[in-house]
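Notebook open, viewer open. I went through this one piece by piece and jotted down what I looked up.

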Amino acid sequence: MPKRDPGFPSSVLVLGATSSIAIATMRRLAAGNSRFMLVARHSDRLTAVAQDLLTRGAATVDIWVMDLDDTAAHPEMLAAAAERLGKIDLALIAHGVLGDQQAAEADFEIAAAILHTNFISTVSLLTWLGNYFQTQRGGALAVVSSVAGDRGRKSNYVYGASKGALNIFLEGLRNRIDRDGVQVLTIKPGFVATPMTAHVAHNALFATPDQVARGILKAIERRRDVAYLPWFWFWIMLLVRAIPGSRFKKMNM
Amino acid sequence: MPPHQDRLQFESWGRYPRLPAEVRPLYWKEDFPPPQVSSAKMLAVGMGRSYGDVCLLQNGTLLRTPNLDRLISFDAQTGLLRCEAGVTLAEILDFAVPRGWFLPVSPGTKYVTVGGAIANDIHGKNHHVAGTFGLHTPCFELIRSDGTQIVCSATQNPDMYAATIGGIGLTGLISWAEVQMRPIVSRLIRYQSTQFVGLEEFVALSRASTQEYSVAWIDCVAQGRNFARGIFIQGLHDENPGPLTPLAKPKLALPFDLPDFALNRSSVGAFNTLYYHKQITKQRSGLTDYEPFFYPLDRILQWNRLYGQQGLLQFQCVLPWASDTLGMTELLKAITASGLASFLAVIKVFGDVVSPGMMSFPMPGITLALDFPIRREVSFALLDRLAAITAEFGGRMYPAKDACMSAAHFQQFYPQWEQWAVYIDPSFSSSFWQRVAGLA
């Protein structure tokens, strides 16, 4: 694989642009004079993020307010992004919900909503973007998944299933378009100190969004397929995956 | 483990007192005021680098601001930065220094937020020429617990502006602020350090100094002919164009608490003797990066853990010139006589630049700052004695560094406290305030 240009990525589309991991990643890119199109639900928050990136050196920042659950509205937004950015070097998909596991156990509609936001809506974005990058014959698709997708645990298996399905989808998409020069990066963060985890006790395994952002950019630069972030989650999940199912089903985790 | 368990114990930098509170992070301006209104009071808290209990609220809600960390605008012509109040001075330096701008006022650590810097109206090594941080924040926004947003400046809501600068966080949440940066052409500081013995020599050196930054380290252990020996350090931003981009930052975090016996009279005495004689000649000068010059202790993240599980007590006061060095001599004598060694004692001459803040701590005179290990009975007795000397000589103590000032002393140090208290947000409080206002 040829090395990335030093200026790569100079045009960036971010879906779920108010997520802490997305913000930390964009800040690192803003210093390099990149151009951005940001998509998220809350207009005030998007404006605050856009001002931050512009102040830090971003060349241009466009914002697009929408709920990414609305898959019917994806093509219009994505076409606008491609037009405004000229060409998209990097698409970072970072939206998602943790959801309420216990509520989802009792009510299918709640489980379906989690699956829709984390998996179905992402599939809609990836379908359009996969074809776009394939036609462009280059670029990077980076998608925030989770280590929770590696195994199903009673504490969050609905969320885990949405990420596990996403991992399989990304693997297949990679298999299809890697040969066209498109990087498909599956990002698997462990515990990250973000609003999503604000309600749980933080232990030594928690990483900052900026640590994860550094890992994402390194993985893009090195054209990696899957990145466990921080790196030690690779080894933790290797062990967790090695536990036999007959044993795993009895564990409390 | 139930949620919040580890965060119930939010600690200030001195790790004393330890008071339970609910801790909630704020991520966006609209997260304030918090939706569930309870009868308990609240307090906005940044990095928690104040030492005692100005950033604590027993059984209340602590709203943590460090995630309000977005920059809003920067004028590269004038150096005016507008940012959210949870942005730290470290983050500002990372942003501004490569662009040729520096903080108008730097405290002893860069790990404080802009909101905290305003609320405590912090000062630095350039107080004698630049005054306090609040003098360089021409405008900020305050949000009250009823949701009212108040833009404050010298001309817009000037009373709330004055009440919030040095208002120890009690007037509401500072959501964003403007900071007037100062230009530099190099990261380097041209410094000079000089040994002195005795307060007269320290004052003479301070008065003779024409440089922007000055501070002194003073030995609070040595008695007899070495009494009040120290090193006077002065410096200024190098005027020759030099490097602006950062150097690699090695950081060393103290991962554990040292045992309590690690800091005793002989270990601190030995440290001080070594430190004093590190200065082999009477005078040294040179060029150094700004980081070790301004933030020597930031290299050891969590140095407060040196004091062990019990935490530490910090004391900082200022004594006006009226008593010359008499009061300061009394303070130093009480400290050396107590045998409660201080790891690091800092002494500095404050200038007469007046802060816009109603409750600002500095006044023209000499300020002394030092910390003590907590030894039951003796440490608190010593601090009472130091507070009494401060009161006797017409000085005042610094709330940001205090955990035990009495209500009577506070009210004597800040006689304007009642006029100021009318600006306090009815839903805000702190454990410090409950103590010194006599509410506890």
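**Confidence first**

I'm working from a predicted model here. For the complex, the predictor reports an ipTM of 0.92 and a pTM of 0.92. I then looked up chain B by itself: its mean pLDDT is 90, and 91% of its residues reach 70 or more. The stretch to watch is residues 1–7 of chain B, where the pLDDT is below 50. Beyond near neighbours in sequence, that stretch has 11 contacts in the model.

**Where the chains meet**

**Chain A: helices 5 and 6**

Next I checked how helix 5 (residues 108–136) of chain A sits against helix 6 (residues 157–177) of chain A. Their axes are 9 Å apart and the packing angle is about 15°. Angles under 35 degrees count as roughly parallel, so helix 5 and helix 6 of chain A are roughly parallel to each other. The crossing of helix 5 past helix 6 in chain A is right-handed.

I listed who makes this contact. Helix 5 of chain A contributes residues including A:Ala111, A:Ile114, A:Leu115, A:Phe119 and A:Leu126. From helix 6 of chain A come, among them, A:Val158, A:Tyr159, A:Lys163, A:Leu166 and A:Phe169. By class, the contact between helix 5 and helix 6 of chain A has 14 nonpolar residues, 5 polar and 1 charged.

Which peptide bonds are cis? I noted the one joining A:Phe8 and A:Pro9, with omega about -5°. A:Pro9 lies in the segment before strand 1 (11–15) of chain A. I also noted the bond from A:Leu229 to A:Pro230, with omega near -15°. A:Pro230 falls in the loop between strand 7 (226–229) and helix 8 (232–242) of chain A.

I looked up A:Asn33 too: its phi is near 70°, a positive value in a residue other than glycine. A:Asn33 sits in the loop between helix 1 (20–30) and strand 2 (35–40) of chain A.

I moved to chain B and its strands 1, 2 and 3. Strand 1 (residues 22–25) and strand 3 (residues 61–64) of chain B run parallel and are joined by 4 bridges. In that pairing, B:Leu62 of strand 3 stands opposite B:Val23. Strand 2 (residues 42–45) of chain B also pairs with strand 3 of chain B in the parallel sense, over 4 bridges. There, B:Met42 has B:Thr61 as its bridge partner.

**Chain B: the 5-strand sheet**

What is the strand order in this open sheet? I read 4-5-9-7-8 in chain B, with antiparallel pairing. Strand 4 (71–75) and strand 8 (149–153) of chain B are the edges, each pairing on one side only. On average, neighbouring strands are turned by 10° against each other, direction ignored. I picked out one pair inside the sheet: strand 7 (residues 139–143) and strand 9 (residues 173–180) of chain B are antiparallel over 4 bridges. B:Leu173 in strand 9 is the bridge partner of B:Ile143.

Another open sheet in chain B has 8 strands in the order 15-11-13-12-18-19-17-20, paired antiparallel. Its edges are strand 15 (283–289) and strand 20 (396–397) of chain B. Strand 11 (residues 188–197) of chain B pairs with strand 15 over 7 bridges in the antiparallel sense, and B:Leu188 has B:Asp289 as its bridge partner.

Which helix packs on this sheet? Helix 9 (residues 378–392) of chain B does, touching strand 17 (312–320), strand 19 (365–373) and strand 20 of chain B. The direction of helix 9 makes about 10° with that of strand 17.

I followed helix 9 of chain B to its contact with helix 8 (residues 326–338) of chain B: the axes come within 10 Å and cross at roughly 170°. Helix 8 and helix 9 of chain B are therefore roughly antiparallel to each other. Helix 8 uses B:Gly327, B:Glu330, B:Leu331, B:Ala334 and B:Ser338. Helix 9 answers with B:Val378, B:Leu382, B:Arg385, B:Leu386 and B:Ile389. I classed this contact as 6 nonpolar, 2 polar and 2 charged residues.

How values were computed
Residues numbered from 1 in each chain as written. Chains lettered and ligands numbered in written order. Predicted model: local features only at pLDDT ≥ 70, side-chain atom pairs only at ≥ 80, totals over all residues. Axes fitted to C-alpha atoms, helices over the stretch in contact; angles between N-to-C directions. Helix = DSSP H or I, 4+ residues; strand = E, 2+ residues; numbered from the N terminus. Parallel < 35°, antiparallel > 145°, perpendicular 65-115°, else oblique. Left-handed = near helix turned anticlockwise from the far one by under 90°. Contact = placed C-beta atoms within 7 Å. Nonpolar A, V, L, I, M, F, W, Y, C, P; charged D, E, K, R; others polar. Pairing = 2+ DSSP bridges. pLDDT = per-residue confidence, 0-100.
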